[in-house]
Amino acid sequence: MGNSWNWLLSFPPLQWAKTHIEGRLIDALRCGPIPAHVALVMDGNRRYARKMRLETVEGHALGFESLKGILEVCYKAGVRYVTIYAFSIENFKRSKHEVEVLMDMAKNNLLELCQHGDVAEQYGVRISVLGRRDLLGDDVRKVVEQAEDITRGNKRAMLNICFPYTSRDEITTAVASLVEDSERGQLSTEQIERLGVQDFEARLMTAGTPPPDIWIRTSGVERLSDFLLWQSCSPTTTIKFVEAFWPDFDLWTLLPIVVEWQIGQLHRHHSGIFSWYKS
């Protein structure tokens, strides 16, 4: 449905019906296997704004409202980890004005997620910002650290915000850290010879987070855009490209993706929905 329908759903009876139906759908999802980790490339805010004849900043603002809605759906359903691609290092090539607007929005949005009664507190979500903080202004870094400090004690779920980030930068940074440790003598010859995948993954920014079960990109563009390239190579990761622009992405768009993933899991385990539910 998305933001395009909000004017209609603002009528109280329809709003109540929508909320009730969505709650039942999330309950139904919980009867099957639930992905531990969902990764999201939130693409299409600017194109959505152009389509709806809005200012670009309004498209980004509506995108944030969609994010909050999707986070609630995921955490209500039992998803433990959500990773979002909030800002690519490459986005610094956009106009200075747009970058400044996005940074201001990032500060406000981070603080809003941490507000009393909002997503982080309501669902026990710890926020972790992954990326090149040295590229951020002091004011933005201060808010990032504040959001992480506020939510540090939350243990039920995790929100990884990639900002500013690219996967190639993450991988090269991990390799560089291994090389530096070797040059400093912190790794013996024997340790170097025995280095494996787990040793490398422990150096990634996502260390401690399992590979994505479902990786989703909106807006109909079919490319990975330098997001979780290593992590998404896992044989258990399902990659999905959807046509909806990010502001229109909601439960009704996510639902068929998760159901398809659940069916695949049940086939893989040679079990039915009821046997999984009983377990």
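Predicted model: local features only at pLDDT ≥ 70, side-chain atom pairs only at ≥ 80, totals over all residues.
Biologist: Which residue places a side-chain oxygen by a backbone nitrogen at the start of H11?
Modeller: The backbone nitrogen belongs to tryptophan 252. A side-chain oxygen reaches to within 3.1 Å of this nitrogen, and that oxygen is from aspartate 250.

Biologist: How many disulfides are there?
Modeller: A disulfide needs two cysteine sulfur atoms within 2.5 Å. For cysteine 74, the nearest cysteine sulfur is that of cysteine 162, 15 Å away. The sulfur of cysteine 114 is 16 Å from its closest cysteine sulfur, also in cysteine 162, so the two are too far apart for a bond. The count is zero.

Biologist: Is cysteine 74 buried or exposed?
Modeller: The cut-off for buried is under 20% relative accessible area. Cysteine 74 has 3% relative accessibility, and therefore counts as buried.

Biologist: Which helix gives the most to the lining of the largest cavity?
Modeller: The cavity holds about 50 Å³ of space, and its lining includes Cys74, Leu254 and Val258. Leu254 and Val258 are also among the buried residues of H11. Two helices, H4 (56-77) and H11, each supply at least two lining residues. With three residues, the one that gives the most is H4.

Biologist: How many residues of that lining are nonpolar?
Modeller: The lining has no charged residues and no polar ones. The nonpolar residues number ten.

Note on methods: Residues numbered from 1 in each chain as written. Heavy atoms only, no water. Buried < 20%, exposed > 50% of the residue type's maximum accessible area, 1.4 Å probe, protein only. Helix = DSSP H or I, 4+ residues; strand = E, 2+ residues; numbered from the N terminus. Polar contact = N/O pair within 3.5 Å; in protein donor to acceptor, adjacent residues only side chain to side chain. 1 Å grid on protein atoms, 1.4 Å probe; cavity = no way out; pocket = protein on both sides within 12 Å on 5 of 7 lines; lining within 4 Å. Points joined across faces, edges and corners; volume = space filled by probe spheres on them. Nonpolar A, V, L, I, M, F, W, Y, C, P; charged D, E, K, R; others polar.
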